[in-house]
Amino acid sequence: MSKIIINQKEIAFKENQTILEVARENDIYIPTLCYHKKTGPASVCRLCIVEIEGSKDLHTSCSAPAKEGLVVKTNTKRIIEARKTIVNLLLSNGNHDCLSCEANGDCELQDAAYNLGIEAPAFTLDSDNKHRLEKDNTAEFIVIDHKRCIKCGRCITADRELVVNNVLDFGFRGKNIKVICDNDVLMGDSSCVQCGECSQICPVGAIIDKRAIGKGRPWELKKIATLCPYCGVGCQINVHINEKQNKIVKITGVEEAPCNEGMLCIKGRYGFDFVNSGERLIKPLIRKNRDQYFTETTWPEAIKFISDKFKEIKSSSGPDTIGGLSSAKTTNEENYLFQKFMRAVIGTNNVDHCARLCHASTVAGLANSLGSGAMTNNIKDIDKADVIMVIGSNTTEAHPVIGYYVKQAVRKGKSKLIVVDPKWIELADSADIYVNQKCGSDVAFLNGLMHLIIKNEWFDKEYVEDRCENFSELKEAVKDYTQEKVSKITKISEENLIKIAELFGKAKTASVFYSMGITQHTTGTDNVWSIANLQMLCGNIGKDGGGVNALRGQANVQGACDMGALPNVYPGYQKVSDSKINEKFQKAWGVNLSDKAGLTVTEMIKGAEKGSLKALYIMGENPMLSDPDINSVKKALEKIDFMVVQDIFLTETAMLADIVLPAACFAEKEGLFTNTERRAQLLRKVFRPPGEAKEDWQIITDLANLMGAGWNYTSACDIQEEIRELTPQYGGISWERVGYEGLQWPCKDLEHPGTPVLHIGKFARGKGLMKGIPYKDPDELPDTEYPFILSTGRVLQQFHTGTMTRKTAGLNNLAGPKVVISEEDALSLGLANGDKIKVISRRGEIETFASVSEANIPKGTVFMPFHYYEAAANILTNPAVDPVAKIPEYKVCAVNLIKI
Ligand code: SF4
């Protein structure tokens, strides 16, 4: 190994390391300001200067490479004097009164001054300029205090190269230089998405979290690393709490985290008010008659009431008249226990959860084609693809940190990007090719690509021959999907179809990322299988940077599936209908188990409507906003004999229950969440649950035991040990091993390192199964009565049914209910931006506001986010389901619009 001498000490270094990196690794202090390991060397502040023997100049160690035999000094008198001058100049030029600064105690300029022994600035400079710049307080969550800015440029580099939002820059020159947003507008008026990366990376107190101001000095705050509770990216967060007030002060990203490297989105960083909200449920609530309002009760009375009711219904009507909805917001251990409760204590496989509504078609399509229904690759390797195709995923809004990685890959010139989405999305700005297909025409589009790729022999023949089966069926099925025919169905030009096929087909490695734009259709399983077909055809599965990458929507929706919160499988996708598997679980759990697949979410609601489902136990789900055709869901839930809801708030669904149990939220429990790339990560406890709220696993255990289960779990960790024994792909995933890196399944035993990429060398099912899939229209198309297509989805600032995000006022200020409509349609309806409008479908109607200015949608199509109870998009949506996965068609239904 090569060696360098620093301060007379011989030190080994690795290839491509800088002098600064070698020094830091060996605990040699060199102050820096503009350098950050994520943004790299900038050589702007020059504070990291060192002497190199043989050179008369001082060199910036952040950019000087370590070389064999180099002799370096980091703390000579000359260096110290130069550093003192630099720090003195910075302190003099601006307002660095540490006493009133939020960063006091967590400031790199203060550290440098302290280490150099500077007590007060040596110069008085630029007194005119010093107080000229006002604080920019206009953004919801971030304050820019220009007087404290040292012009290091770290925020600008982070904005451009990490989160790639391209908002910040230096404006003006000379003594007037300052950080500006867009073309020098206030941050609140700019295109800033408030991800907060700039505030996290600012070395001083110039860019700060607005709501942390005055809530505690850095040394008064305790920092606990845990996981973001929102989308499936699985970002690791540090929760900074003021222990005296027992409240969250701020959240920062964990810099070492494998799936977010310190980056977060607006929800993960600022959407935490729900945790300490006064609206949290703190006692069990009961009503013995649905005409009454709830009254508070005790835990023993609540558990006894539920136990008696479940026993009564089970004995009078049979276990299959009871259903349970588990939750993607609770841990693996809690999902495991919930399905065990339904199967082993109630005696039914009627257990499901919200994956049915988002990625059931992924589970079905990928399990059948590849043998495993999960995202095949990992987040870290996104930039290893030569071509990335994003289809049916508004990634920067729904999975923002993955959006950053995709933009980084393009910015670095590593990957070309193809974006396919019915409406313009932010990623389209970074795309080499963007096309907007007609809603629901994905199978035709994918068949068209495969037709062109096969015709032009751009596919990987060897891979198809060696690793796949049924190629001839696929070839035959796509034969007629010529560019002329596909262009007519999809409304994508023939020219663009050819361009995409060529770019994708000729790429050495190409990846596909998709989300609910693909899955939430009556043809959801067909759509997913078509993507698998394309990726098998091009030999892109089982290699770094390639794959079929289904982006999961909730923090633990992958884990809830893995844990068997599904009606046909035990944990680890082991089929209930397989007699050997059934025997294994019967033996382990000591009870007889049903081998008959249970009901899905959508079937349970139908059962309730028909009267065949008598009782429902709902943990952390809100079907009254999340399910399609809410008016029918409400009628069904009102009809059901007995309903228990276990949640953190009195949700729209809880309002219909007979009994409501107060649960702990993500910050009040320990356990595993498994993110979209199959990485199990540990949730750590920040607070005790409020009032009498309990962790979900404790509630389930109490109930099971009163019903005679005899479980003796003392912690969630005990449950994980049982999961390890019964779930092959989690065999090596213990809390201890998970640490801060997490472990990706399959991880068979305690020696196994985890599996970042699936299907290397061989598919989980042996050979990849190709399938010829004909295009089918969506279930409901526009007509004269309902002439518009409605598509629903998420917006960046809100999450799912709004139960958590809507407790943060700043998020509500940024994103309220709306229907996005094209300028052409708005003109013909006489609508202006912000006008009130009625949206009507065959199932109901709602009132909301027109959003015309976004102008990102084709004529004839409108888009609504589904987060808002006051304008619930799912009153309108079509409950028609995919015949295999039973997922509803949220992405296409026919509506009419009337200006109010
Ligand atoms: Fe949380 Fe997802 Fe945002 Fe990450 S990208 S901070 S996991 S919501």
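How much space lies in the largest pocket? In this predicted model, local features need pLDDT of at least 70 and side-chain atom pairs count only at pLDDT 80 or more, whereas totals for chains, interfaces and linings use all residues. Residues are numbered from 1 along each chain as its sequence is written, and side-chain values use heavy atoms, with hydrogens and water left out.

View 1. The largest pocket holds about 1200 Å³ of space, a volume being the space filled by probe spheres set on grid points that are joined across faces, edges and corners. A pocket here is an open set of points, on a 1 Å grid over the protein atoms alone, where a 1.4 Å probe fits, with protein on both sides within 12 Å along at least five of seven lines, and lining residues have an atom within 4 Å of a point. Of the 42 residues that line the largest pocket, D106, E108, Q200, C202 and E255 lie nearest its centre.

**View 2. Elements around the largest pocket.** Among the elements that give two or more residues to this lining are α1 (19-25), α3 (108-115) and β11 (221-227), while β13 gives the most, with 4 residues; helices (H or I, at least four residues) and strands (E, at least two) are DSSP runs, numbered from the N terminus.

**View 3. Helices α17 and α18.** The axes of α17 (residues 483-490) and α18 (residues 494-506) come within 9 Å and cross at roughly 110 degrees, which means that α17 is roughly perpendicular to α18 (65 to 115 degrees). Axes are lines fitted to C-alpha atoms over the stretch in contact, with angles running from 0 to 180 degrees between N-to-C directions. Q483, E484, V486 and S487 of α17 make the contact with E494, L497 and I498 of α18, where contact means heavy atoms within 4.5 Å.

Key:
Angles under 35 degrees count as roughly parallel, over 145 as roughly antiparallel, 65 to 115 as roughly perpendicular and the rest as oblique.
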